[in-house]
Amino acid sequence: MRTPIGLVYLFRTILPKLLLPPFLVYVLLNLTNNTSAGATSSGHLSTFSTWLILFLSLLTHPIYLFLSVLYTNVRNKRDAAKRNAVLIPQVELGSFEIVRKIVESFTKGYPGDVYHEWSKTYGNYFGINILGESRMMTFEPDHIKAILATQFDSFVKGPILYDQFGSLLGSGVFNSDGEMWKFHRTMTRPFFSKERVSDYDIFDLHAEGIIKAMKKRVGAGYPVEFQDAVSRFTLDSATEFLFGKDVNSLGAGLPYPPPSSTFPPQTETDFIPSHPSNLFAQSFLEAQELTGFRTRYGIHWRLFSGEFWADEVGKRRKVVESGFVEPVLGELMREGKEKKEDQEEEGKEETFLNHLVRCTEDKQIIRDELLNMLVASRDTTASLLTFAVYVLSQRPDIEKRLREEIYEALGRSDKRPTYEIIKEMKYLRAFLNETLRLYPPVPFDARASTTATVIYSKSGPPVYIPEGMKCLYSVFLMHRRKDLWGPDALEFDPDRFLDDRLHKYLTPNPYIFLPFNAGPRICLGQQFAYNEASYFLIKFLQSFGEIRFADDIQYLNDASNKNGNGDNGPLMYVKPPEEWAQAQEEGRKEMEGTTKGRDKVMFTMHLTMAVRGGLWVRMKSLDKGSDLEEDV
C-alpha cells in the first residue's frame with residue numbers, strides 16, 4: 001500500500017518548516033534557562049518559566065513569517081525603486097478567501113469573472129497570494145509579449161507548474177524548460193511541416209465517419225451532443241496522426257439524450273459506454289480536470305485538491321497508457337532498429353510515434369511527448385469546433401454566410417476541399433479567428449520569473465517582477481478589452497478580421513490576439529488546427545443546416561433543476577443563472593466589459609476550455625435539392 005502523497009508532503013515539507021524553528025528556539029531557551037539556573041544554584045525550572053518557554057517557542061513561526069514578509073516587501077520596494085519601476089498592486093484579501101473566490105469562479109462562475117472583478121479595482125494587472133505562493137495576473141498585451149517573447153529567457157514554466165502538471169505531462173514539451181524543452185521542440189518541429197499538416201486524408205476519413213453517425217441520430221429525430229461527437233473526430237484523427245492507428249472512439253457510437261418525457265430510455269446497443277475508447281477518453285478528461293484543479297490551490301495542492309490520499313492524475317494516465325500507448329509503443333520499439341537502418345523510408349508514411357522512436361530510445365521521453373501532443377492535437381481543436389458550432393446555433397446569419405462561401409468555392413456538392421481552396425476562404429478563416437478571440441481553447445496560462453526583472457507597457461509604468469513569481473496571463477480577458485478591440489469588442493463579428501478594424505487594432509498591435517501563444521514557444525500545431533477545423537466545418541456545413549441550440553436537453557441535468565435527481569446523469573451547473581441574463585439586460589455595473597449572462601452555456605476549464613455538460617444541438621440533414629440549399 002502506497003503512503004498517501006498528502007501525508008508525505010506534510011511530513012517532508014510542511015511540518016519541518018512549521019516545527020523546526022519553534023523546536024530550535026525551545027532547545028535554545030531551555031539551555032539558556034538551565035545555564036542561568038545552574039549559576040544561581042536553583043537546580044530546576046519554575047512552572048512559569050516552562051510555560052513562558054513554550055509560549056515563546058510557539059510564537060517563533062508567526063514572528064518569522066511576519067519578519068520574512070516585511071523583509072521581502074522592503075527588499076522588493078528598494079529593488080523596484082532602483083529600476084525606476086512600481087510594485088504590483090496587491091489584492092487585499094486573505095489567501096483562503098482568494099482561493100475560495102477562484103475555485104467558486106471556476107466551478108460555478110463565468111471564465112475569469114473573479115479576475116475581471118478585481119481588475120475594476122486594481123487595473124489590468126495585480127498580485128495575489130495563494131497560500132504562500134506569490135502570483136501576478138495580467139491581461140496587458142505588452143506584459144504578455146515580454147513574458148512570451150522579448151524577455152523569454154527570464155520566464156519559464158518553473159518548478160511549481162512542473163510539480164502540478166508532472167503526473168499528466170511528465171517532462172514533455174509543454175511542461176519542460178531549458179535543454180529538455182529544446183530537445184523536445186527540436187524533435188517535434190519537423191513533423192509539423194506544411195506538407196504534413198496539409199495532408200487531409202486523415203481528416204477526411206474520420207470526418208466522414210462522424211458525420212455519418214450524426215446523420216443517423218438526426219434522421220431518427222434525436223439532437224446530437226456535438227462536443228462529444230467532435231471530440232471523437234479529433235481523438236481518432238489525432239491518434240492516427242500520432243500513432244498511425246486510431247483508438248476508434250467512433251466505434252463506441254454517439255450518446256443519446258438523457259431520458260425524459262420527450263426521449264424515453266434507450267434499449268438500442270449502438271452506444272457502448274464501456275467501449276475501450278470511452279474509458280481512454282474519460283480517463284484522459286478526468287486527468288486534465290484534476291490537473292487543472294491542482295493549479296487553483298498553488299504549491300499546497302496535495303492538501304486541498306482532493307488528492308491527499310493518492311495521485312489521482314497518475315492513476316488516470318496509467319489507464320491512458322496501458323489501454324493504447326504501451327501496446328503501440330512496444331511494437332514500434334521492437335521495430336525501431338530496422339526503421340533506423342532503412343534510411344530510404346525515413347519521412348515516408350512515417351507517424352509521429354515512428355519519428356520519436358527514431359530520435360530516442362528513452363520510452364519515458366516518448367510517453368511524455370505523446371501525451372503532450374495528444375492534448376494539443378485533440379483537445380484544442382475540439383474546443384475550437386465546439387464553440388464554433390455553438391456560435392452557429394445562435395447566429396443563423398453567420399451560418400448562411402459561411403454556406404454561401406462554401407458553395408462559391410466548391411459548388412452545391414460534397415466535393416472535398418483542398419489546402420489551396422481553404423486558403424482562399426477568407427470568411428471561414430475570419431470566423432475561426434473570431435471564435436478563437438472570444439472562446440480561446442487555452443484561456444489562462446502561466447510562467448515563472450527566473451530572476452528579478454522589469455516588464456514594460458505603453459499604457460502604464462514599468463512593473464517590477466520579483467524572482468520566482470508565478471505570472472499568470474489571460475488571453476480570454478485580453479481578447480475582450482474594448483480599449484484594445486474597439487467599442488464592439490464583446491460582439492461576435494468575424495468581419496473585424498476583414499475590414500478596417502483589422503488595420504486599426506490588430507495590425508499595429510499583434511499581441512492583442514494570442515490564441516496560439518507567441519515567441520519561441522508558439523504552438524507548432526496552429527496550422528494543423530486551422531486546417532483540421534476548416535476541413536471539418538466545411539464537411540459539416542455541406543451535410544447539416546438549421547443548427548439550433550437544444551436547451552431543453554442541455555439543462556436536464558442542471559444542478560439547480562428542482563426536478564433533477566441525477567437519474568439522467570451527474571448533476572452539474574450547466575445552465576447559466578437567470579440573474580446573470582437579467583443583470584445584462586438591466587445594464588448593471590458589474591456586467592460592464594463582460595459577456596457574462598449572454599451565453600446560454602456554462603464553461604469548464606482544465607487544460608483547455610469546453611462546454612460544461614456537452615453541447616446539445618438540433619439540425620437538419622442536407623440532401624441535394626433541399627429547401628435550405630435552394631434558399632442560399
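Let me start at one residue. Leaving aside its neighbours within four places in sequence, Ser-154 touches Ala-448, Ser-449, Thr-450 and Thr-451. Contact here means heavy atoms within 4.5 Å. Ser-154 sits in the loop between helix 5 and strand 3. Is Ser-154 buried or exposed? Ser-154 is buried, with a relative accessible area of 15%. Buried means under 20% relative accessible area, exposed means over 50%, and partly exposed is in between, with a 1.4 Å probe and protein chains only.

A word on what you are looking at. This is a predicted model: local features need pLDDT of at least 70, side-chain atom pairs count only at pLDDT 80 or more, and totals for chains, interfaces and linings use all residues. Residues are numbered from 1 along each chain as its sequence is written, and side-chain values use heavy atoms, with hydrogens and water left out.

Now the whole chain. There are 25 helices and 12 strands. Both are DSSP runs numbered from the N terminus: helices are H or I with at least four residues, strands are E with at least two. Of the 632 residues, 53% are buried. Take the contacts with a separation of 6 or more: 74% of them join residues 24 or more positions apart.

On to the sheets. Strands of a sheet pair through backbone hydrogen bonds, either parallel or antiparallel. For pairing, DSSP must find at least two bridges between the two strands.

Strand 1 pairs with strand 2 over 6 bridges, in the antiparallel sense. Within that pair, Gly-127 has Met-136 of strand 2 as its bridge partner. The hairpin of these two strands has 2 residues between them, and there Leu-131 takes a positive phi near 50 degrees.

Step across to the next pair. Strand 2 (residues 133–138) and strand 8 (residues 470–474) run parallel, joined by 4 bridges. Arg-135 stands opposite Lys-470 in strand 8. Axes here are lines fitted to C-alpha atoms, for helices over the stretch in contact, and angles run from 0 to 180 degrees between N-to-C directions.

Strand 4 is joined to strand 12 (residues 616–621) by 2 bridges. Val-224 stands opposite Val-617 in strand 12.

A separate hairpin is worth a look. Strand 6 connects to strand 7 through 2 residues. The two strands pair in the antiparallel sense over 4 bridges. Val-454 has Tyr-464 of strand 7 as its bridge partner. Why is strand 6 (residues 453–457) largely enclosed by the rest of the structure? Because 4 of its 5 residues are buried.

Next, helix packing. Two packed helices are described by the angle between their axes and the distance between the axes. For helix 10 (residues 226–243) and helix 15 (residues 363–394), the axes come within 9 Å and cross at roughly 150 degrees. The residues of this contact divide into 13 nonpolar, 7 polar and 1 charged. Ala, Val, Leu, Ile, Met, Phe, Trp, Tyr, Cys and Pro count as nonpolar, Asp, Glu, Lys and Arg as charged, and the others, Gly among them, as polar.

A second pair is helix 16 (residues 396–410) with helix 18 (residues 426–438). Their axes come within 8 Å and cross at roughly 145 degrees. This contact has 5 nonpolar, no polar and 3 charged residues. Among those in helix 16 are Arg-401 and Glu-405, and helix 18 brings residues including Lys-426.

Last stop. UniProt lists Cys-523 for "binding site" in an unreviewed entry. UniProt positions are in the numbering used here, feature names are shortened, and annotations may be inferred rather than shown by experiment. Cys-523 is in the loop between helix 21 (500–506) and helix 22 (526–543). Cys-523 is partly exposed, at a relative accessible area of 25%.
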